[in-house]
Every structure is written in structure tokens, then in C-alpha cells.
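Biologist: Please give me a close look at one residue and its surroundings. After that, carry on through the rest, chain by chain. I am new to this one.

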Amino acid sequence: MSEPVTDVTEQNFLEVRGLHAGYGQARVLQGLDFSVARGEVCAVLGPNGAGKTTTLRALCGMIRGRGSVTLNGRELLGRSPEQAARLGVAHVPEGRGTFNDLTVEENLRIGAHLRTGSGWRGRARRAVVAADLERIYGYFPRLRQRSRQAAGSLSGGEQQMLAIGRALMPRPALLLLDEPSLGLAPLVTRELFEIVRAVNEEERTTVVVVEQNAQLALDIAHRAHVLEAGRLVLSGPAARIREDGQVAEVYLGVSVRSRKAG
Amino acid sequence: MNHMRKTTALRAAAAVTAALLTATACNSRRGQDTQDTAAGGACKGQQTTGITDRTIKLGGIYPLSGPASAYGTISKGVAAYFKYVNDNGGMDGRKVQFIVRDDGYQPPKAVEEARRLVEQDKVFAVFQTLGTPSTAAVWDYLNKQKVPQPFVATGASVWGTDTKHPWTTGWQPNYVAEARVYAKYLKDAKPKARVAVLYQNDDFGKDLLGGFEKAVAGSGVKVVAEQSYEVTDPSVSAQMASLARSKADVLLDVTTPKFGSQALAADARNTGWNPLHIVNNVASSAAVLKPVGFKNVQGVVSATYFKDPADPQWANDPEMKAYMNTMHKYAPDTDPANQFNAYGWAVASSLHKALDAMKCPTREGLRDAVRNLKDVKVGLLLPGVTLSTGPGDAFPIETMQLMRFKGERWQLFGKPVDTRKEFGPLTK
Amino acid sequence: MSAVTDLLQQAVEGLGSGAVYASLALALVLIHRFTGIINFAQGELAMLSTYVAWQLMASGMPFWLALPVTLAVSFAGGMLVERIVIRPVRGAPELTVVIVTVGLFIFVNALAGLIWSFTVKDFPQPFPDGGLDLAGVRVDWSTLGILGVVAVVMGLLYLLFQHTSAGLVMRAVACNPASARLSGIRVGRVLMLGWALAATVGALSGVLVAPVLFLEPNMMGGVLIYAFAAATLGGFDSPVGAVVGGLFVGVAETLTGAYVHVVGEDLKVGVPFVIILAVLLVRPQGLFGRAAVERV
Amino acid sequence: MSTITAALGTDRARRRRAALTALLAAAVAGCVPFYFAPFQVFQLTMVLLYAVALAGLNLLVGFGGQISLGHGAFFAAGAYAAAVMLDRYDTGHLATLPVAAAGCFLLGLAFGVPALRLRGLYLALVTLAFAVFLPPLLKRLEPVTGGAMGLTVDKLQPPAWSGLAEDQWTYFVVLGVTATALLLARNLLRSRVGRALRALRDNESAAEVMGVRLSLHKTLAFAWSAMFAGVAGCLYTWVIGFVSPDSFSSVLSITLLAGLVIGGLASLYGPLLGAAFVMYVPSVSQDLSEAAPGVVFGLLIIAVMFVAPTGLAGLPGRVLGAVASRLPRTTAAPATAAPDRTPEAGPAPSTPSTPADPAVADTEPVGAPPRTERE
């Protein structure tokens, strides 16, 4: 990765300013401001429909937005997903987005596409990819056992692991996780979050995680932002938000209940 | 607000309805009552729609798009002829206006275009419709409207034998007549022939096959194998392999151009079976034989009635020269050697003769003229082939001449075969 | 000639037709793998490529030079078609894209007629005349040639997809374009490459079959239906399936047409489809298609 | 502005507006044959009858999510049923309609059963096969169908009391049948069958969980759809008075599907617009280029799909949407714009009915429709 264009502090590694985004006439985000420090795990919380997923989609270029989003000083808005990926944004979409017809190892190799695509050839490239594979298998030993299996035949938890593993292959600067716990058993979810914490600690990868299960997210996050109806209503260190009973009641409790109802 | 809106809307609706009703009452553009008729004389009361002393308006429906577009080029030969005539003073002083419409070889489209030509463009005659389905779809309408439909571009025998459609006539030798020519040839030259038939599974193929079977009935010539193909089939190689098993000594090849080429090539490839190959007129153009390779089609037999523009023996024929020059002038991007263009020219000049023979310059006049042709000579038809019709005979051409391919061209042999004389008139 | 030899001879004819179907089915399968649509214009694009080859040869180029030039032109043409005709409707419902290919079909067919007329063109046979005589069964060199080329193309495609990283990227795009983009793959370029490859394979198909079917604008129209059948039978995803499907369809329809008189040549077109229906009812994903293995 | 929208949203107002529209449409439709030339009336008649076929196809493709490339065959079956009855048994024209409808309904039912096992692409190709197979079969059944020459039968004749010309009478009869058919289609969609169909299209497994009897409704959808095509075919025979096997080639089936997609899937007006396209655009193409109408026709199809990827029926909505999204926000947030489904709920499940938004169009993942042809 080349040098940053402008001088940025570590605190504003990812900086979101006045972000508007939506789907056609449906305006979901109504001017969002927040920033994430380098190496931080940041949880984005809020009730259903608050705009959490939309935020991630705008960050990675899946939908267009107005305002400004910079990563390490480079503007992300207006870029396509593939360009954002080349700038170090790795998005694990809701519903996992694995390549189901490909084997587990092929999925991971696709993740290495960015590292190998840029002029590396032959043995050097193979060595780097092999090392990266080892790295990922280190985090997710279960994937090593299933490396020759088609991704579509994995369990939900394994698919989520694969999706995260693939996203980590090119050593991204920013990892975006959208509802990683969706449809998974609590134990599996716990295991996943522990791995994310480990990755964050070992590789200093900045992580933004959108999660309905606030307790879980707050356990691994350093900071948290709470959204409601497309606006930021609360920000702060994760620990404080976790302990603030009112917040849990008003914003997070609602989401838990509504989820059960739905 | 809601109430206000309701009343306004109601008023608006009422106003629009009233306006529309008034419009319908006063402003009828239907125009079906504007039938032109001749003012006086012997032709009094006859239709003069589309014809004046200075002009005559004709409309043709051809497949310019779709699966049969190969025949669409006939319209270019027709149009070229009319331009040529207009350059030389027109037909009896009348300039021809020729409107071409596309039916994509779809009968409902043909009906639509026929109605457009008759009701909107107000043509004098629908000249021509192409293909049996399209022609059959419009002939009831045209006969009911009393619009002449002379010289349709299809050889189905029904155009000449039907008695309920006096306004419709054929032109080219009908497929039964053509079959009779081959039958007579085989009865004379190979009286014990065992014949394999490859035919297109439509009116054309079935008419020709049926006519052939009838014509050889009771003789030593026997049909021992028949295979059909659909126009939508990619190739006829499987059919040819099946026919080869019959070991017949004659192959009657009733195909359209592309399949003709395929069949000739398949016959040439199969060195274990060498029947006498008779290819029907539609697929007899040099343009069909050339891609197969002239060395592979030596001795192939066919029959024809008009001069092949690709045949050098007609190069100095005055009509052929006029045809070539006009095509170069008015249709430079069209290949004049394509026999369909020449067909168009020949049929258009046939119509010219019929128009010249009209007693009254009316639709009725044309109807009667095309059914009363007596040995009319047309420049692009073979010597010995003339147009003859009668009250009960709407087949202008029933004479063909056999030809054999030799070297790089067809060679006519024998005398022109008049199937009327040989087999008697064709009936239903 | 014995009945067995007859049967074998018909089967050989069937293989010849089947090879023709298979060659176009390969191109159809390629497009489907990448985009999930059926490309109605595939046959017409192949026909257009064949005219390019014809035009080159008509202006004096030898066949073996005209062929690579044609393939290159088709490759570029395929990319252009994707960029100009298909890209604008990306993201629209799939049926919209399919109808765009129907429009392209009509356009290309009419365009070829406009430029080269509907007269049959002669196209040189790259393979020698004549053939082998195997115990009374005649196999034309051209049939063998087409079969051989189809087998080689099938093999190359298999290698490309299964054993190269470019192939891996292509499969990823075909499988899940959204995730592919998120992984940094330039999906637009890969799709262009997919159309380019399909157009090249189609061009090869056109050049191979033109000497047998004879070149005119409707040359591939009839082949397309059978190629659809072949691809469907093979599962629409696998090059091997397309070829096996093509040969099977060719042999089945030829033998039924020749030997089952109730069916006959006129109704033989129904035969491959009855087989397909039967196969699909048992294996909805086709003979070589992958079963859906996702867990819900 | 928003008050008006809200007022119109009320049930009574909507019903009143619908009644007014219907009245107006009826008035216009009733006046047409007295105003236009006979051949233009004929063209309109053809538009109406194609619209019936497209409305049937719409039930299957637009609302049921199953693709059929074989509706030309059902159309042909209806046309031949009518023609054979008129030709051999000399029944009146009206008697042929119920027979054609019932016959095609049963035929569709028979097809609907194997169609249950087939998805997207595979169903499309098997139905296409049926369309390819039918013409040679009709030729084979020569004693009944008249073989390759086809059958010429009497057209619909106006009764003396009506005082109408043939084209006017035919127009009114076809108009009546078409109106009935379109209303029937609309009511079918509002009934339990329709709701079940839409649920099936949007999410098959969810619908199954909800207790929708999947196989029954899918089969019925096919049968209804075939019945509409058969009715259209019957009308065709009345209007054209001639049927032949080659009139009903696979091109007809492909044209029908193209017409439907161009008109607009899952829309009530789509079939009418699509039928008008199929009827008029070939003539327009020819006026633009006599040398090669196909070149223009092909380009026009592509152009329409570029401009209106969800069909002509969705075009006004798209234009309005595009205009609205460019206006300042205060005026551009009509009450109807509120999404009934939050984006968090995942990708739009019913893309055929929701116009693909231009802004999302190039970001495949969100706006992309479910890949019907996969799995």
C-alpha cells in the first residue's frame, strides 16, 4: 500500500463526514459523522432499519453516497467495490457471500487475488499465497479440514468463517463485518467474535462490525456508535455504552425484542 | 378538496367523452365509401382505384425479414423492372408506383400489410404476395374486396385450380407441373427407375412429391424412399444418409437453396451411392451449385422456364442485357446473377404484358386480362415458354425445359415440355 | 451392407450433427457460466464471425491466416458486445438481458443479410475431402475434424477453468459477482473476457460448420435450438456436459428419425427434448450440472 | 401535494378514480372503430388479441416467476381448435371459444405437472421444445389440420342487426373478450391464487412454510396462462380466418416473451403495451429502413430495454423517480416513497415488480434480482 496522501492522525484512520445514502427514493442515512482510529474495533449498533447495513455498503462502494468517507486520508466515496477493495477495504456482507461452487481453498485464493494480481509472478507469488493460507488456517483450523470441500456444503458457521477468512487473505486495512452472527448458534458466534478479536490484536486490522446482538459486539469492540433512523444518536467507548443501562433499554433492548418478534 | 376534485374529474370525463363522440360522428376518417369507379363507356361502374391516365399504383408483400428473407430480393428485381419501364415512358403512358411491404413470412402480418395496401395506400392490385401461407391468408380478403392478386410468387397448385377466387392467379409453373416434367423425363430415359425423394415438409415439398407420385403411377418408375426436412432443421445430412440406404438410382431433390447445396454436397461426399440427382427448379440456381463445387455437380438434372442470369449463354440476350444494366443502375448492391432477381424481373414484365392487354384500365380489366393470355412472350422466359391462361386455367406457365449441368453451366436439352399437352389440365 | 453397418453409418451421421451442436453449445455454456443468461444471439454472432472469415478469404487471404485473424476479431467483437450492448442492462432483471440478446439476434441476422445478402456462400473446407472407411462405415474427415477441434476446445476450456488463476477468477465471478467485486475483482473486465471467449469459441464453431451447413445468414438459427438442447442436457454449466449433450442429441435424433417410423424425420426434433425432459425430471440440474448444495 | 396523494389513497377515492378511468377507456375504445380506417381497426384488433396472450404469459412469467418459451404453441392450439371446429363441424364462432379455452387449460395443466420439477432456464427450454415440435406435428395430422397448406375458415361476420362493418364487429367482439380476459387476470391476481403466486415467486421456501400449496398453484398458474394463450389463438382464427403450421413457429413464442418483457412484467398494462410494440414496431422499422427492417427492429428492442429495463409500463415510474430524486428533498419525499421494507431486510425479493433504481443499477449486489436460473 502506498503512502497516505495527506497527513492523518491515527485517530481519524476512517473518517465519515456528512454521509447521506439510500436506495433510490428511500433515504436511509441522513448525514452521518464518525471516525474510527487505526487498529480499533468499532461496533455500529441500533434497531432494525436504522441504517447500519447501509453505512457499511456506502463505505465499501456497493451503494452511492454523498458526503465524505476517507480511509487513511483517501476518499472512498464514488469508488466501485473493486476499487475500494484495492484500497484495503474488505467487506463481509450480510449472508456471507461465499463462492458456493468453489472449494474452501479456492475461495481463499480468490481472497488472495489482490495480493497476487499486482505483478507478482511464479514462485514468489505462490510462497506469499501459501503463507497467507497458513495464516488463515491458523485462525480457522476448521477450514483446513474442509479445504477441498465445496463452500456450499459447509455449515452456516463455517461459511461465515470462510467469508471472514477470505476477506483477511489480502491483509486488509479495514475489515467491515455485517451481521456476522446472523443465523448462527450462540456458541459458534462466540467463537467467531473471539477470532475477530485475535485478528485485530495480532494484525492491528481496523474492524467495523454491524451487529444486532449488541452484547456480543460490545464485548470485543473498543468504541461503539448507536444509530437510529439514519442518524448517530450516541457514540462512546464500548465499555461505557455497555454499562449505560438507559442506552441498553432504549436502543439496544428494542432491537433485541423486535428481532424476536420478527 | 376531495369533493372538488371529484366534480372536476367527472366534468372532465364527460367533456372528453362528448368531444370524442362528436369527433366520431363528424370526423370519420374510415373512408371506405370512397370507391373510385369509371365514369362511362364500356367500363362504366368498374373500379379505377389506384390507376389514372398517368399513374398506376401496385403493392407487393415480400419477406424482407425473418426466415424466408432470401426470397425478399425478388422485390428488387420487380422494382428494377418498373423503374426501367418508367424511364422508358411507363406502361401505356402510366408511371408505375411500386410499394413494397414486409410480412416476415408471417400470415397475420401479410393480412395487415394487404389491408394497408388496399385501404390506406389504395393500390390498384396486390402484386405480389410471396409464399403459400401468406398468399392463402390474404386471398379471401382480396377477392372479397375485388382487388386483383395476379401472379403470386408461389407454385402451389391451388392458385390455378381454385374456382372461388377469380382475382388470384399463379405465375410460375406450379409444383405439380414441375413434378410432371421430371416424371416424363424418367419414364422416357429410365423407365425402371427407383427413386429416392428428399423434400421440404411444407406445401411446396408435398405438392411436388404428390404430383410426382401421381405422374409416375402405373409406370415402371417407383418411389422407394422418401425423407422430409423442416426449414428450421440445421442440415439434411441425416436424411441423405437414410436415403442412401435405399440404393435408389435416382434422387429427386425437392429443396430450397441452402438445403439444395447441402444435399448436393452430401451426395458428392458419399462415394458409395451415385444416383442420378434431379434438383428442383427452386434450388437449381448457379448460386446453389457453385458453393458445392462445379466438379461435384456434373450431370445433375433440373428443369427451368426462365433464363438464368448466371448462365453465360444469355449474356447477349437483349432482355438479359436490359436486366443487367438496370440492376447495376438501380440496385447496385444486389447481385444480378441471383436468379430470384431475374425471377422478379420476369414476373414484372409478365404483369406489364397483362396490363397492356387490359380492355378497360380497371381492376376488373386486369382480372380479365390475366385470365385471358394467349401465348404471350416474355423476354426473360426461355424460348418456347409463354404465358397462356383461360377462364378455368389460372396457370400462366406450364411449360418447362430440362437441363443438365455440364462444365460450369446448365445445358438445356430436349424440347420444352408442355405438361398440359402431356398430362392434361390440372384439376383439384 | 448389413443392418449393423447401416446403424453405425447413421450413428456416425448423428455424431457429425452432434459435433456441430456441441461446438455452439460450448459457447452458450461459457456465457451462461459467466452471466447466468441464455444468449439467443450466440449463433448469430458465430455466423457474423464466419462472414468475417469469408470476407477475409474473398479478399485473398489463405484459410490458415484468415482463421486466427477471425478469432482475434471475434474476441474483440465479443468484448465490444458486452461493453456496448450488455453492460447497460447489467443489474436489470435477467429476462431483460435475455430479450436484449433476442434483439441482438434479429439485428445481427438482418445486418448480415444486408451486407452479404441471403445467397449461399461457398466456404472452404479446412479438412481434406473424403474419409475413412471403417469396415463399411464411412467417416468423413470433416466429421472427424470437427469432433477433434471440439474435443480440443473442450479440453482447453476445462484447463482454463480448473487449473489457472484466471479461470478461478472467472468461476468466482460466475458464482457470485457481488462477492467477487468485494474481493477486488474487476467484474466488468471478467465479463468482457467471458463474452470475448464465448464469441471466439462461437467463431470457431461457425468456421467449422460453414463448409457443411453452407454459409448464409440463417445458418446458425436451426443449430441454436439443438445447441440449447445439448447445453441443457449437459447441465448448462459444464463444457464437458455440452459436448456429451451435443453428441447424444445428434445421435439420438438421427437414429430415431431413421429407424422409428412413427417419429420419422419430421418429428425427430422432439426426440432430444423428450430425453431432456426425462433426464431433468430425474436430475433437475442436468447430466453434468452440479446439484445445488447450499444449506438453507 | 401530499394531501392529494393521501386523499387519493383512500379507498373510496381510488375506487371512484378507477371507475372514471374505466369509463373513459370504454368510451375511447368504443369510438375507435368509427374513427379509424378499417385496416387500422384491424391492427387494433390484433393488438387486443395479442394482449390476451401476453396477459396469460404475464400470469406465469411476471407473477409466477416461471419462464415459458412455448406460449406460441398454446396460442396455436387455441387457433387450431377454433379452425378445426369451424372447418369440419361448422359450429358457430362463439362455440369455439369455450372449447379452445378449456382445451388449452387442460393442455396447460398437463404441462404444469412436469414443469413443477423444472426451474427457470430448464423450463424455458423444454417449453421452447414444445413450440418447435408443434408445427411438424400439425403437418403430420393432415386429415384434421389440413397439413402444411393450413385451413382457411370463415371470419367473424357481423349480424345484420348490428349495422356494423366486418372489421368493426370483429373489433367489438375481440374487445369484449379482451376486456373480460384482462379483468379475469386482474381478479385472479387479487384472489388467493394470485397472492400465492406472488409469494411463490418472491420466496418459494417461505411460501411453502406459510402453507401455500406449492404444486397446486404452480400447476394452476400454468393452466390459466395456457388458457389465455388459447383464447388469444381462438380470436386469431376469427380475425385472420387462416391457420397454417408455419404461422406458429418458435419465433412466435419468442416474440410473445419479448413483447411481455418489453411491455413490462408483472404489470397490468404491460401486456397491452407489449402487444402494441409487437404489432406496430415491425411496420415502423420498415418505414425507417426498407432495405433491412430487421436491423431497425433489433435495435429498437435493445433501445427500449436500455431505456426501460423493467418494461414500458415501468417507464413513467422510472422517469418520475429519476426526476424526484434530483429535486430538493423537501418536495421530493412523497408519502408513497417511504419504503415498506427496510434495506436491512436484505436484497429486494421482488425485483420484477420494483423498478430497478438507476442509482443502484450498476451496483449489482443490492439491486440484482434473484438468479432464477441458478440453483
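**A glycine in a loop**

Modeller: Leaving aside residues up to four places away in sequence, D:Gly311 touches D:Val261, D:Ile262, D:Gly263, D:Gly264, D:Leu265, D:Ser267 and D:Gly270. Touching, or contact, is set by C-beta atoms placed from the backbone: those of the two residues must lie within 7 Å. This is a predicted model, so local features need pLDDT of at least 70 and side-chain atom pairs count only at pLDDT 80 or more, while totals for chains, interfaces and linings use all residues. Residues are numbered from 1 along each chain as its sequence is written, and chains are lettered from A and ligands numbered from 1 in the order in which they are written.

Where does D:Gly311 sit? It is in the loop between helix 14 (293-307) and helix 15 (315-326) of chain D. Helices (H or I, at least four residues) and strands (E, at least two) are DSSP runs, numbered from the N terminus. D:Gly311 is buried, with 31 other C-beta atoms within 10 Å. Buried means 20 or more other C-beta atoms within 10 Å of a residue's own; 12 or fewer means exposed, and anything in between is partly exposed. D:Leu260 lies 51 residues away from D:Gly311 along the chain, yet their C-alpha atoms are separated by 8.1 Å.

Now take chain D as a whole. It has 375 residues, and 57% of them count as buried. Its secondary structure comes to 17 helices and two strands. Take its contacts between residues at least 6 apart in sequence: 75% of these join residues at least 24 apart.

Chain D also meets chain C. The contact takes 51 residues from chain D and 42 residues from chain C. On the chain C side, the elements that give two or more residues are helix 4 (94-116), helix 7 (177-182), helix 9 (221-234), helix 11 (264-267) and helix 12 (270-282). Helix 4 of chain C gives the most, with 15 residues. The chain C side divides into 31 nonpolar, eight polar and three charged residues. Here Ala, Val, Leu, Ile, Met, Phe, Trp, Tyr, Cys and Pro count as nonpolar, Asp, Glu, Lys and Arg as charged, and the others, Gly among them, as polar.

Stay with helix 9 of chain C. 14 of its 14 residues are buried, so it is largely enclosed by the rest of the structure. C:Gly235 follows helix 9 of chain C, and its phi is positive, near 100 degrees.

Chain B has a covered helix too. In helix 13 (residues 363-370) of chain B, seven of the eight residues are buried. They are B:Arg363, B:Glu364, B:Gly365, B:Leu366, B:Arg367, B:Ala369 and B:Val370. Their cover includes helix 12 (339-356) and strand 3 (125-129) of chain B.

Strand 3 of chain B leads on to a sheet. Three strands of chain B form an open sheet in the order 2-1-3, with parallel pairing. Two strands pair if DSSP finds at least two bridges between them. Strand 2 (95-102) and strand 3 of chain B stand at the edges with a single partner strand each, so one side of each has no neighbour in the sheet. Strand 1 (residues 55-62) of chain B runs parallel to strand 2 of chain B, joined by eight bridges. There, B:Thr55 stands opposite B:Lys95.

Four of its strands form an open sheet in the order 2-1-4-5, with antiparallel pairing. Strand 2 (26-36) and strand 5 (74-75) of chain A are at the edges, each with a single partner strand, so one side of each is left without a neighbour in the sheet. Six bridges link strand 1 (residues 14-23) and strand 4 (residues 65-71) of chain A in the antiparallel sense. A:Leu14 stands opposite A:Leu71 in strand 4 of chain A.

Strand 7 of chain A pairs in the parallel sense with strand 6 (residues 89-92) of chain A, over four bridges. It also runs parallel to strand 8 (residues 206-210) of chain A, with five bridges. A:Leu174 stands opposite A:Val89, and its bridge partner in strand 8 of chain A is A:Thr206.
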